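Q: I have a model open and want to learn to read it. Where do I begin?

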Amino acid sequence: MHDTLRPGQTIAISPPRNLFPLQPAAKVILLAAGIGITPLYAMALALEAAAVPFVLHYFVRQRGDEAFADELAQRFQHGFCEIWYSSEGRSARDYPPAELLGAAADTHLYLCGPEGFMTHMQQQALARGWDSANIHAEAFKPVARTAGAEEGFTVTLARSGQQCTIPPDKTIATVLLENGVDVPLSCEMGMCGACLTRVTAGEVDHRDTVQSDSEKSAPEQYIALCCSRSKSAELVINL
């Protein structure tokens, strides 16, 4: 971008998308680690403005590592923030927040931070009876996959009947673009949802992090063309 764009040049961009929105809730629990505080601090401000009770737990390695330290030190009227330092023996793994112990149908949980942190907190919440629909997380990078042999498959476009063979070393999006099919792309890592496309036949091998487990098992299936693959020999998509 720095090498090719020039002042006055017009470019086409997609509209903003919020794939990590606040859901209506009577109370909200925010759990952040490291730079994961960025979206959750914004959520805390929104909840404060809306007078929704909330708790923000922020986990960092040591004092001085906090982002928004001055802002988080302010007194909130409708919630509070607690900062935990692992160097002082207060790690997320050893001391899960007390709010996780009691699941409530009208309380929602939001997680943002390293993959291991979010996985651990989700497991803790689910083990204590939380509804997975009330747990929301945002990742900064795709989940690492175990290396293994990939298999090719066929993708059929439902509207035109065009068929494309997807080899083991290429994504669906790559092959479709090579064959002149317009595919909306953004992150190309399965994290943003720009390329989610409805599947009308076949079994999806989901590899994105933008859809929840319930969405991935829903009767109406969507596939992230940039990263997910097919468990069946053929996949029919709504293009």
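**Aromatic pairs and a helix**

Q: How many aromatic pairs does a search of the whole structure find?

A: This is a predicted model. The search finds 5 aromatic pairs.

Q: Are the rings of Phe 59 and Trp 84 stacked or edge-to-face?

A: Look at the angle between the planes: under 30 degrees counts as stacked. The ring centres of Phe 59 and Trp 84 are 5.5 Å apart and the planes meet at 25 degrees, so this pair is stacked. Phe 59 sits in strand E2 and Trp 84 in strand E3, 25 residues apart.

Q: Is Phe 59 buried or exposed?

A: Buried means under 20% relative accessible area. Phe 59 has 6%, so it is buried. Trp 84, at 7%, is buried too.

Q: What is the geometry of the pair Phe 59 and Phe 117?

A: That pair is tilted, with 5.7 Å centre to centre and 55 degrees between the planes. Phe 59 is in strand E2 and Phe 117 in helix H3, so the pair ties together parts 58 residues apart in sequence. Phe 117 is buried, with a relative accessible area of 11%. Phe 59, Trp 84 and Phe 117 form one aromatic cluster.

Q: Now helices. Which residues of H1 are buried?

A: Start with the general idea. An α-helix has 3.6 residues a turn, so residues three or four places apart point the same way. In H1 the buried residues include Ile 37, Leu 40, Tyr 41, Ala 44, Leu 47 and Glu 48. The buried residues of H1 pack against several elements, among them strand E1, strand E2 and helix H2.

Q: What comes just after H1?

A: Ala 51, which takes a positive phi of about 60 degrees.

How values were computed. Residues are numbered from 1 along each chain as its sequence is written. This is a predicted model: local features need pLDDT of at least 70, side-chain atom pairs count only at pLDDT 80 or more; totals for chains, interfaces and linings use all residues. Side-chain values use heavy atoms; hydrogens and water are left out. Buried means under 20% relative accessible area, exposed over 50%, partly exposed in between (1.4 Å probe, protein chains only). Helices (H or I, at least four residues) and strands (E, at least two) are DSSP runs, numbered from the N terminus. Contact means heavy atoms within 4.5 Å. Rings of Phe, Tyr and Trp (its six-membered ring) pair if their centres lie within 6.5 Å; planes under 30 degrees apart count as stacked, over 60 as edge-to-face and the rest as tilted.
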